[in-house]
Amino acid sequence: MGFVMVAGGRTAGTRSSDGTTGQSGRRFVRRGPEGPPFRKPRWPKAYAFALVTGALFLLSWVGQFLFQMTVESNEATQHGQAFSWGEFLPQFFSSTLENWQSEFLQLIWQAAGLALFYYWGSSQSRESDERIEAKLDALLRERNLDPENP
C-alpha cells in the first residue's frame with residue numbers, strides 16, 4: 001500500500017475515518033496495492049483483435065472459394081464439361097498462395113521487420129527519439145523552463 005499527500009486536509013496528529021494520519025495541514029490518502037493498476041482482461045477481450053482478424057480472414061477465404069468455384073463451374077458448363085474438383089482445388093490453392101504471397105507476406109515483413117529493426121535499435125529508431133527529446137528541450141528553454149527539472 002502506498003500513500004499520497006493531499007493538501008488542505010486535517011490538522012497535525014489527527015486520525016481520519018479511513019485510518020490515515022494527517023500532519024501539518026496535509027492528509028495522506030491510501031492508494032491501492034503496489035503493482036499493475038489493471039487486471040488482466042478475460043480471454044475473448046484480450047484476444048479480440050486476433051479473433052476479429054481471424055474471422056475476417058476466414059470470411060474472405062470462404063468468399064474466394066465460393067466465387068472461384070462459381071466461375072469455374074460456369075466455365076466448365078460453357079465448354080460442355082462437368083465441374084471437376086480435381087482441377088478446381090489445385091487452382092484454388094494456387095490462387096490463395098498467390099494472394100498470400102503478394103499481400104500477407106509484404107505486410108508481415110513490413111510489420112515484423114520494422115518491429116525487429118526497432119528492437120535491435122536501428123539508427124532510424126534511435127535518431128527519432130533523440131530528435132524529439134532535443135526539440136522538447138529547445139521548446140522548454142524557449143519558454144525559460146529548465147529541461148533538466150520540469
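Contact here means heavy atoms within 4.5 Å. The model shown in these close-up views is predicted.

**View 1. Helix α2 along its length.** Helix α2 covers residues 48-78, which is 31 residues. At 1.5 Å a residue, α2 should span 45 Å, and the distance between its end C-alpha atoms, 45 Å, agrees with this. Just after α2 comes Gly80, whose phi is positive, at about 70 degrees.

**View 2. Buried residues of α2 against α3.** Four positions of α2 are labelled as buried: Gly63, Gln68, Glu72 and Ala76. The partner against which the buried residues of α2 pack is α3, residues 85-120.

**View 3. A nonpolar patch on the surface.** The patch consists of Leu97, Trp100, Phe104, Leu105 and Ile108. Together these residues have about 480 Å² of accessible area. One of them, Leu105, is part of helix α3. Leu105 counts as exposed because its relative accessible area is 52%, where the cut-off for exposed is over 50%.

**View 4. The salt bridge between Glu142 and Arg143.** The structure has one salt bridge, and it joins Glu142 to Arg143. Their closest N and O atoms lie 3.5 Å apart, so the pair meets the cut-off of 4 Å between a side-chain nitrogen of Arg and a carboxyl oxygen of Glu. Side chains of opposite charge can pair when their charged atoms come close. Both Glu142 and Arg143 are exposed.

Methods. Residues numbered from 1 in each chain as written. Predicted model: local features only at pLDDT ≥ 70, side-chain atom pairs only at ≥ 80, totals over all residues. Heavy atoms only, no water. Buried < 20%, exposed > 50% of the residue type's maximum accessible area, 1.4 Å probe, protein only. Helix = DSSP H or I, 4+ residues; strand = E, 2+ residues; numbered from the N terminus. Expected span 1.5 Å × (residues − 1). Patch = residues over 30% accessible without salt bridge, like charges linked within 9 Å, V, L, I, M, F, W, Y side chains within 5 Å. Areas by Shrake-Rupley, 256 points an atom, 1.4 Å probe, with all protein chains shown as cover.
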